[in-house]
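Grab the model and work through a few exercises with it. Try each task before you read the solution below it.

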Amino acid sequence: MEPHGYPLLFSVFLFIFLATSPAASDLHNIPHQIHPLRPRSGAHGHEVPGLSCLSWRLGVETHNLIGWKTVPEQCEKYVGHYMLGRQYRDDSKAVVDEAWLYAQSLKLAGDGKEIWVFDVDETTLSNLPYYAKHGFGTKPYDPRMFSSWVMEQKAPALPESLKLYKKLLSLGLKVVFLTGRAEDQRNVTAANLNDVGFHTWEKLILKESYYSGKTAVAYKSSERKRLEENNGYRIIGNIGDQWSDIIGTNSGNRTFKLPDPLYYIS
Ligand SMILES: *[C@@H]1O[C@H](CO)[C@@H](O)[C@H](O)[C@H]1NC(C)=O
Ligand SMILES: *[C@@H]1O[C@H](CO)[C@@H](O)[C@H](O)[C@H]1NC(C)=O
Ligand SMILES: [Mg+2]
């Protein structure tokens, strides 16, 4: 799929979502003149007494909330609107803009050893079409269903991340993809990345079976350490949607956290 397929695809999803959601009429009923400085919580309202979904999402993004298994039931619509609406794209752009400012400020050696680490899911490839069909993270993770979605090889690119990727390459940085996807998904992952515009990389590192039972923090730290200490790379930047992408050892000179209120990986 072409990267420009993305807005169309998501407009279709947005349409289906709004058309089937009772919130659709709410959107048209928000008075324009009232509380201009105090919008209702979240992307488009859906405040539930006792739980602000916006505060919940802030807790997720700041890593105050850890180890959570599913999105709170009451926040399904909130998360759906956030992900399919403008805010997710705007938040992603803000992260990428900052990463690009940083990258441009660097005095690079240009020795081919300077790398930028990208995560894959929700960083370069979006699984939003899957999550839009499966309750926006409110349902427990289903490895078999998710794996069959991955095997379809239909994940669109995150458009802002694709822009960053292209600009970083133009600076002479090398890109390494480091993903929690399993080694047996190498071909489909490589083909999907290539299909949506990520045409080149220094390495694509997938999770070997000997990491099973280890956390993503342990796995990713260990692989980054190997990149730096055994292969002589220097991790200049590192971007991911999970805190486990950017904490731990050898995390890079700077790290960038993309938004992701759909799931938590420790
Ligand atoms: C992946 O691709 C390689 C090279 O094209 C091929 O040799 C291998 O059999 C493929 N592996 C799987 C699991 O499809
Ligand atoms: C990255 O951090 C290391 C260690 O602090 C430092 O020596 C190096 O100059 C930094 N590299 C860049 C490109 O800023
Ligand atoms: Mg990810």
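**Getting oriented**

The protein has eleven helices and five strands, taken as DSSP runs (H or I of at least four residues for helices, E of at least two for strands) and numbered from the N terminus. This is a predicted model, where local features need pLDDT of at least 70, side-chain atom pairs count only at pLDDT 80 or more, and totals for chains, interfaces and linings use all residues. Residues are numbered from 1 along each chain as its sequence is written, chains are lettered from A and ligands numbered from 1 in the order in which they are written, and side-chain values use heavy atoms, with hydrogens and water left out.

**Exercise 1: helix α10**

Describe α10 and say what its buried residues pack against.

*Solution.* 
- Step 1: check the length. α10 (residues 216-230) has 15 residues and spans 20 Å from first C-alpha to last, close to the expected 21 Å; the expected value is 1.5 Å times one less than the number of residues.
- Step 2: pick out the buried residues, which are Ala216, Tyr219, Lys220, Ser221, Glu223, Arg224 and Leu227. Buried means under 20% relative accessible area, with a 1.4 Å probe and protein chains only.
- Step 3: recall that an α-helix has 3.6 residues a turn, so residues three or four places apart point the same way.
- Step 4: list the partners of those buried residues: β1 (114-118), β2 (174-182), β3 (203-207), β4 (234-240) and α11 (243-246).
- Step 5: see what comes after α10: glycine 232, with a positive phi near 75°.

**Exercise 2: aromatic rings**

Classify the ring pair of tryptophan 68 and tyrosine 264, then do likewise for phenylalanine 118 and phenylalanine 177.

*Solution.* 
- Step 1: set the rules. Rings of Phe, Tyr and Trp (its six-membered ring) pair if their centres lie within 6.5 Å; planes under 30 degrees apart are stacked, over 60 edge-to-face, and the rest tilted. The structure holds 20 such pairs.
- Step 2: tryptophan 68 and tyrosine 264 sit 6.2 Å centre to centre with 50° between the planes, a tilted pair.
- Step 3: Tryptophan 68 is in the loop between α3 (53-61) and α4 (76-84), and tyrosine 264 is in the segment after β5, 196 residues apart. Both are buried.
- Step 4: phenylalanine 118 and phenylalanine 177 have centres 6.1 Å apart and planes at 55°, so this pair is tilted. Phenylalanine 118 lies in β1 and phenylalanine 177 in β2, 59 residues apart.

Technical notes
Buried < 20%, exposed > 50% of the residue type's maximum accessible area, 1.4 Å probe, protein only. Contact = heavy atoms within 4.5 Å.
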